[in-house]
Amino acid sequence: MLTITQEAEQAIRGILDASNAPDGSVLRISPQPAQQDGPGAGPGLVVSVTDAPPPDDQIVEGDQVEVSVEPSAAVMLDDKELDATVVGGEINFSIGEQAA
């Protein structure tokens, strides 16, 4: 199952707080249609804020946040870790291998 780093949790909390989302809102990861050419060509993932994740989503619980993962994305992310970095006020999420 996807894991969430402390840095990603802080970034997610910041996004949820800044979006004025209702209590109980979560970050949702879902597939993005494949790009045909250029950098990042191929299927990707999109992150959004939702106040009611679909019932078939996988809920990943961190210490302070929950992330909703669309079922087909959950398969791709099963053994991965969600991380985040903040550069110049911009949040960049990354997916990497889970630490042993």
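Two strands are taken as paired if DSSP finds at least two bridges between them. Helices (H or I, at least four residues) and strands (E, at least two) are DSSP runs, numbered from the N terminus. The views below show a predicted model, in which local features need pLDDT of at least 70 and side-chain atom pairs count only at pLDDT 80 or more, while totals for chains, interfaces and linings use all residues. Residues are numbered from 1 along each chain as its sequence is written, and side-chain values use heavy atoms, with hydrogens and water left out.

**View 1. The hairpin of β4 and β5.** A hairpin of 4 residues connects β4 to β5. Strand β4 covers residues 58-61 and strand β5 covers residues 66-69; the two run antiparallel and are joined by 4 bridges. Within this pairing, glutamate 61 faces glutamate 66 of β5.

View 2. Serine 68 belongs to strand β5. This residue counts as buried because its relative accessibility is 0%, where buried means under 20% relative accessible area, exposed over 50%, and partly exposed in between (1.4 Å probe, protein chains only). Apart from neighbours within four places in sequence, serine 68 is in contact with Val26, Leu27, Arg28, Ile29, Pro53, Asp57, Gln58 and Ile59; contact means heavy atoms within 4.5 Å.

**View 3. Leucine 16 in helix α1.** Helix α1 (residues 6-18) contains leucine 16. With a relative accessibility of 6%, leucine 16 counts as buried. Residues up to four places away in sequence aside, leucine 16 touches Ala21, Ser25, Val26, Leu27 and Val49. Leucine 27 lies 11 residues from leucine 16 along the chain, and their C-alpha atoms are separated by 7.6 Å.

**View 4. Asparagine 20 in a loop.** Asparagine 20 is placed in the loop between α1 and β2 (26-35). Most residues other than glycine have a negative phi. Asparagine 20, although not a glycine, has a positive phi of about 55°. Its relative accessibility is 67%, so asparagine 20 counts as exposed.

**View 5. A nonpolar surface patch.** Leu45, Met76 and Ile95 form a nonpolar patch on the surface, together having about 230 Å² of accessible area. Patches are made of residues with over 30% relative accessible area and no salt bridge, like charges being joined within 9 Å and nonpolar side chains (Val, Leu, Ile, Met, Phe, Trp, Tyr) within 5 Å. A salt bridge is a side-chain nitrogen of Lys or Arg within 4 Å of a carboxyl oxygen of Asp or Glu. Accessible areas come from the Shrake-Rupley method with a 1.4 Å probe; for residues, only the protein chains shown count as cover. Methionine 76 is found in helix α2 (residues 71-76) and is partly exposed, at 43% relative accessible area.
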